[in-house]
Every structure is written in structure tokens, then in C-alpha cells.
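Please brief me on how this chain is built. Cover strand pairing, sheets, core and overall dimensions.

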Amino acid sequence: MGQSDLQAGACLCGASRFEFDGSAVVSAHHCHCRDCQRSTGSSMTTIVLVPDSSFRELEGDVGDFTVTGESGGQVTRCFCRQCGSPLYSHVSIMPGVKFVKAAALEDASWVQPISSFWTSSAQPWGHVDTAIDGFERNPAG
Ligand SMILES: [Zn+2]
Ligand SMILES: [Zn+2]
């Protein structure tokens, strides 16, 4: 893991921390699905796809909650048990990758979302970036 591209993330209380190699990032996306809205309390969440092999949990009291998604696959959302901050998710249809919440990063200014998921459930009061690709549901189903 190159020190120069080390990205650090943490929850609100600081009890849960992680890091990953920024050069290994696959892509970044916005998600407007109802589950992301509910779990973040916002109109959407922004995620950064990081391979498990480049991701390291440093410390923390991380809980998880799993639901069955529309596709039938399992979506597991991981959060800090002490303060409730969402940290990352993983999905059974895409093993080996973590969907890291961009807002958990110490510095998220470099994140460049390339598309939006679930525009069909976007809120009228939530901004959908029309300058990037939009998918009504998940891009791959
Ligand atoms: Zn916390
Ligand atoms: Zn979502």
C-alpha cells in the first residue's frame, strides 16, 4: 500500500476508523435508493468502491445490518455502534468490494462520482447531477 495515496476514514465519534489505498479505488457513485436515504437521513449517499484487498479496518465497534435488496441479493450496511455513523456496505452480488461512504473520509475532496444509481426514487428536493450518467435502478441489476 503506497503511503502517498493512503486514504483515512472515520465515524463521527472517532471510535471506528479505517484506511485504504486510494490508487485502488474502482469508481465513485451517488445512490438515491430509499434504503440509502433512510440509513443516511439524506436525499442520497455517495459511495467509493474499494477492493477488500486494499481496505483495512483499524479499530472500532462496527455493527452491521443486512437486508435483501430488490435483486434478491444481500446488502450489508456497516456502521459505528457507538455513534451510528454509516461507514461502508458490501453486497452479495459484488463480493470482494466495499462501498465506502465518501462522507466518512477524512478528505473526500478528490472523490469524482461518475454516475447516479436509483434516480427513480430521487427526492424532488434532492439534487440529481445531470452532468453524469443516471440509472433508474442499479446499473447491473
Ligand atoms: Zn463512532
Ligand atoms: Zn442506495
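Strand E1 (residues 6–10) is joined to E2 by five bridges, and the two run antiparallel. Strands pair when DSSP finds at least two bridges between them. Strands (E, at least two residues) and helices (H or I, at least four) are DSSP runs, numbered from the N terminus. This is a predicted model: local features need pLDDT of at least 70, side-chain atom pairs count only at pLDDT 80 or more, and totals for chains, interfaces and linings use all residues. Residues are numbered from 1 along each chain as its sequence is written, while chains are lettered from A and ligands numbered from 1 in the order in which they are written.

- Gly-9 stands opposite Phe-18 in E2.
- Six residues lie between the strands in the hairpin of E1 and E2, where Gly-14 takes a positive phi near 90 degrees.
- E2 is also joined to E5, antiparallel, by four bridges.
- Glu-19 has Arg-56 in E5 as its bridge partner.
- Together these strands form an open sheet in the order E1-E2-E5, with antiparallel pairing.
- E1 and strand E5 (55–59) are at the edges with a single partner strand each, so one side of each has no neighbour in the sheet.
- Neighbouring strands here are turned by 25 degrees against each other on average, direction ignored. The axes are lines fitted to C-alpha atoms (for helices, over the stretch in contact), with angles from 0 to 180 degrees between N-to-C directions.

**Eight-stranded sheet**

- A second open sheet has the order E6-E7-E8-E9-E4-E3-E10-E11, with mixed pairing.
- Strand E6 (62–68) and E11 are its edge strands, and each pairs on one side only.
- Five bridges link E7 and E8 in the antiparallel sense.
- Arg-77 has Ser-89 in E8 as its bridge partner.
- In a regular strand, side chains alternate between the two faces of the sheet.

**Val-75**

- Val-75 sits in strand E7.
- Val-75 is buried because 21 other C-beta atoms lie within 10 Å. The cut-offs are 20 or more for buried and 12 or fewer for exposed, with partly exposed in between; C-beta atoms are placed from the backbone.
- Beyond neighbours within four places in sequence, Val-75 is in contact with Thr-66, Val-67, Gly-69, Ser-89 and Val-91. Contact means C-beta atoms, placed from the backbone, within 7 Å.
- Val-75 and Arg-56 are 19 residues apart in sequence and 20 Å apart in space, C-alpha to C-alpha.

- The largest nonpolar core has 23 residues; Cys-31, Ile-47, Leu-87, Val-100 and Ala-104 have the most contacts inside it.
- Elements giving two or more residues to this core include strand E3 (27–31), strand E4 (45–51) and strand E9 (97–101).
- A nonpolar core is a set of buried Ala, Val, Leu, Ile, Met, Phe, Trp, Tyr and Cys residues joined through C-beta atoms within 7 Å.
- Cys-31 touches Cys-36, Met-44, Thr-45, Ile-47, Phe-117 and Trp-118, leaving out residues up to four places away in sequence.
- Trp-118 lies in the loop between strand E10 (115–117) and strand E11 (133–134).
- Trp-118 is buried, with 23 other C-beta atoms within 10 Å.
- Trp-118 is not a glycine, yet has a positive phi of about 55 degrees.

**Whole chain**

- The protein chain has one helix and 11 strands.
- Buried residues make up 30% of its 141 residues.
- The C-alpha trace of the protein chain spans about 40 × 30 × 30 Å along its principal axes.
- Among contacts between residues at least 6 apart in sequence, 51% join residues at least 24 apart.

Conventions:
Contact = placed C-beta atoms within 7 Å.
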